[in-house]
Amino acid sequence: MKILLAEDSKAIGLHISRTLEDWGHEVTYVMDGRAAVDAYQQARPDLVLLDVVMPEMDGIEATRQIKALGGDRWIPLLLITALTSTEEVVAGLDAGADDYLTKPINFAVLQSRINVMQRIKLIQDSLFSILDNVFEGIIAINERGIVKTFNQAAEKIFGYRPAEVIGQNVKLLMPQPYRDEHDAYLARYQSERTPHIIGAGRKVRGRRRNGEIFPMQLSVTEIERDNGSLFIGLVRDISEEEAARERIEYLAMHDALTGLPNRARLGELLDQRLCSAAPPCDAILFIDLDGFKPINDNHGHEIGDQALIEVARRLQAGLGKEAFVGRLGGDEFVIVLLDVSGPQAAIDAGHAVIAALQPPMQLGEDRICCQLGASIGVALGGMHGHTRTVLLTAADSAMYMAKRAGKGRVVLAPPQT
């Protein structure tokens, strides 16, 4: 064990120190209480032996200050005293001492005391080993929000060493607005006993040492003790799970090749727009590329894919953020113009699309020159229908009319009868 010994009598102190070292312990020896507190802070020992009567600071006050430093683990502290009065013993134990020895030191008794403390420490180390090797971060705080324990999993999650967190307010691990709200929440809970997180798990956000904000699952349990409640938080970093979920949701609504919204996202948008009390006047441009099949046949699907990606880029660049640009599949694209002024504005937008696609494309490492056109059918909400299916069918039919009329054209669907 690493033992901190404080004894103002050098003769006694050296004798105890040499004996402990002969027993195989590593000893730090100081001669007053203040030095003992400083030595304890610099390197936490496994056991503390303090003489009661010392200069600078007596053993009882040193005990009080050492115990006030807290920490995630119990470190046994024994007082050594030549006084055997009840008041002396009670004062030392009340200050936080775990046991005491009387002078002159009976080394057989000292060794027995140390053996007892070692057995207790072994049990404690075993428990902490279990806590340190569980998957979840475990953080315990007192009623003032001060961190008392911080296991290895929490260290990995947040990036802080335990010494940087223990003794600090747990809001150190929180981003805004949780950080500013935490103390008031904890005080309100202790006053009203109305839990929001305590006793139930929920998804919240944490803050790592490097400032990164991340999602985590948090559940808190309250342990009521005679000297106040202890709140045990179980923390699980769900960053990877959230990223995977977001990726799945993205792929469900987007085209894997071009990154444009897909048919499912188009349907969702149209349903939202059309179900309002006063549906806006939106225009649907159904686009089928002219000349795409020869590119695939003559240069292969890789060049064809690059052509589709370039088409997607040009459509997005030419229409701005207010327009919805999606890919339905193959060489079919769709544009939804929100709140257009009328049919002519939609037709003009269709001609702008054809103009954007007209410049030749240089594709692949060999810079193969390819050129595409488009046939576009247009349908407007209200004029051509009030449901997603009817509007898309009208725009699709108008696109085929553009194809039959010679391609490279914009055709407005006939009004609904």
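Is Ala-307 buried or exposed? At 0% relative accessibility, Ala-307 counts as buried, since the cut-off for that class is under 20% relative accessible area. Please keep in mind that this is a predicted model.

**Around Ala-307**

Ala-307 is part of helix H12, which spans residues 301-319. Leaving aside residues up to four places away in sequence, Ala-307 touches Phe-292, Met-361, Leu-363 and Leu-372. Asp-288 sits 19 residues from Ala-307 in sequence, and the C-alpha to C-alpha separation of the two is 13 Å.

**The nonpolar cores**

The largest nonpolar core has 34 residues, and the members that touch the most other members are Leu-285, Ile-287, Leu-289, Phe-333, Ile-335 and Ile-376. Helix H12 is one of the elements that supply at least two residues each to this core. Other contributors at that level include the helices H11 (292-299) and H13 (343-357), along with the strands S11 (283-290), S12 (323-329), S13 (332-337), S14 (361-363) and S16 (373-380).

Which residues does Ile-376 touch, not counting residues up to four places away in sequence? Its partners include Leu-285 and Ile-287, both of them also among the core members with the most contacts to other members. Phe-286, Gly-350, Val-353, Ile-354, Ala-398, Met-399, Ala-402, Arg-409, Val-410 and Val-411 complete the list for Ile-376. Apart from this core lies another one, of 22 residues, with Ile-139, Phe-150, Phe-158 and Val-204 among them.

**Aromatic pairs**

How many aromatic pairs does the structure hold? There are four, and two of them are described here.

The rings of Trp-23 and Phe-107 have planes at 80° and centres 6.4 Å apart, so this pair is edge-to-face. Trp-23 lies in the loop between helix H1 (10-22) and strand S2 (26-30), while Phe-107 belongs to helix H5 (residues 107-132), so the pair ties together parts that are 84 residues apart in sequence. With a relative accessible area of 28%, Trp-23 is partly exposed.

Phe-150 and Phe-158 form a tilted pair, 6.3 Å centre to centre with 45° between the planes. Phe-150 is buried, at a relative accessible area of 3%, and Phe-158 also counts as buried, at 2%. Together with Phe-214, these two residues form one aromatic cluster.

**Cavities**

| Cavity | Volume | Lining by class |
|---|---|---|
| Largest | about 60 Å³ | seven nonpolar, two polar and two charged residues |

The largest cavity is lined by Val-52, Ile-60, Leu-79, Thr-81, Glu-88, Val-89, Gly-92, Leu-93, Ala-97, Asp-99 and Tyr-100. Strand S4 (77-81), helix H4 (86-95) and strand S5 (99-102) each supply at least two residues of that lining, and H4 gives the largest share, with four residues.

Around the second largest cavity stand Leu-270, Arg-273, Leu-274, Pro-280, Asp-282, Ile-284, Gly-381 and Leu-391. Here the largest share, three residues, comes from helix H10 (residues 263-274).

How values were computed: Residues numbered from 1 in each chain as written. Predicted model: local features only at pLDDT ≥ 70, side-chain atom pairs only at ≥ 80, totals over all residues. Heavy atoms only, no water. Buried < 20%, exposed > 50% of the residue type's maximum accessible area, 1.4 Å probe, protein only. Contact = heavy atoms within 4.5 Å. Core = buried A, V, L, I, M, F, W, Y, C linked by side-chain atoms within 4.5 Å. 1 Å grid on protein atoms, 1.4 Å probe; cavity = no way out; pocket = protein on both sides within 12 Å on 5 of 7 lines; lining within 4 Å. Points joined across faces, edges and corners; volume = space filled by probe spheres on them. Nonpolar A, V, L, I, M, F, W, Y, C, P; charged D, E, K, R; others polar. Phe/Tyr/Trp six-rings, centres within 6.5 Å; stacked < 30°, edge-to-face > 60°.
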